[in-house]
Amino acid sequence: MTTDELFAAVAVTGWRRAIGFTERLLSSLSDEGLFLEVAPHRNRVYYIVGHLTATHDRLIDMLELGQRLHPEFDELFLDNPDRTFPDELSPTQLRDAFNTVNEKVTHGVEAMSPLDWLKRHSAVSEEEFDTDPKRNRLAVLQSRIGHVMYHNAQIRLLATS
């Protein structure tokens with residue numbers, strides 16, 4: 001394995017581990033558990049799962065892995081706070097969307113070549129990327145791994161209390 005291949009493999013492994021941990025954590029919660037707040041007067045697990053699904057769905061576009069699966073989640077889980085709208089999805093539908101989006105992202109990142117990771121992502125202009133080439137696909141994936149692990153910690157505190 002070349003050094004470039006090793007860097008790419010580490011990125012993909014980090015993503016797989018973070019998503020796998022989240023899937024196991026969510027499977028330990030009942031459907032009713034998704035409606036619990038992670039802390040008093042804070043987001044419910046339901047909202048966090050939707051938020052992660054919407055964020056990861058945006059990765060599909062940013063990393064040029066195809067068409068987004070759930071752009072309608074942006075309004076429900078990114079643009080507005082929890083409880084702005086009635087819960088439109090059942091816990092099963094929300095879990096399925098989370099899994100489907102993450103499967104698509106995982107398959108896409110597994111197929112990327114080491115050089116693909118150093119290309120600009122679609123949310124940065126060519127001019128900005130020329131100025132700062134660290135704003136690449138690898139940086140976005142690393143950021144999303146940190147993001148999902150942050151929310152994992154919130155849910156984990158609830159699951160252990």
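1. F73 is buried, its relative accessible area being 3%, where buried stands for under 20% and exposed for over 50% relative accessible area, with a 1.4 Å probe and protein chains only. F77 is likewise buried, with a relative accessible area of 3%, and both residues lie in helix α3, four residues apart, about one turn of the helix; helices here are DSSP runs (H or I, at least four residues), numbered from the N terminus.

2. The model is predicted, so that local features need pLDDT of at least 70 and side-chain atom pairs count only at pLDDT 80 or more, whereas totals for chains, interfaces and linings use all residues. Residues are numbered from 1 along each chain as its sequence is written, and side-chain values use heavy atoms, with hydrogens and water left out.

3. The structure holds four aromatic pairs, a pair being rings of Phe, Tyr and Trp (its six-membered ring) with centres within 6.5 Å, stacked if the planes are under 30 degrees apart, edge-to-face if over 60 and tilted for the rest. Y47 and F77 form a tilted pair, 5.7 Å centre to centre with 55° between the planes; because Y47 lies in helix α2 and F77 in helix α3, this pair ties together parts 30 residues apart in sequence. The rings of F73 and F77 have centres 5.4 Å apart and planes at 65°, so this pair is edge-to-face.

Technical notes. Helix = DSSP H or I, 4+ residues; strand = E, 2+ residues; numbered from the N terminus.
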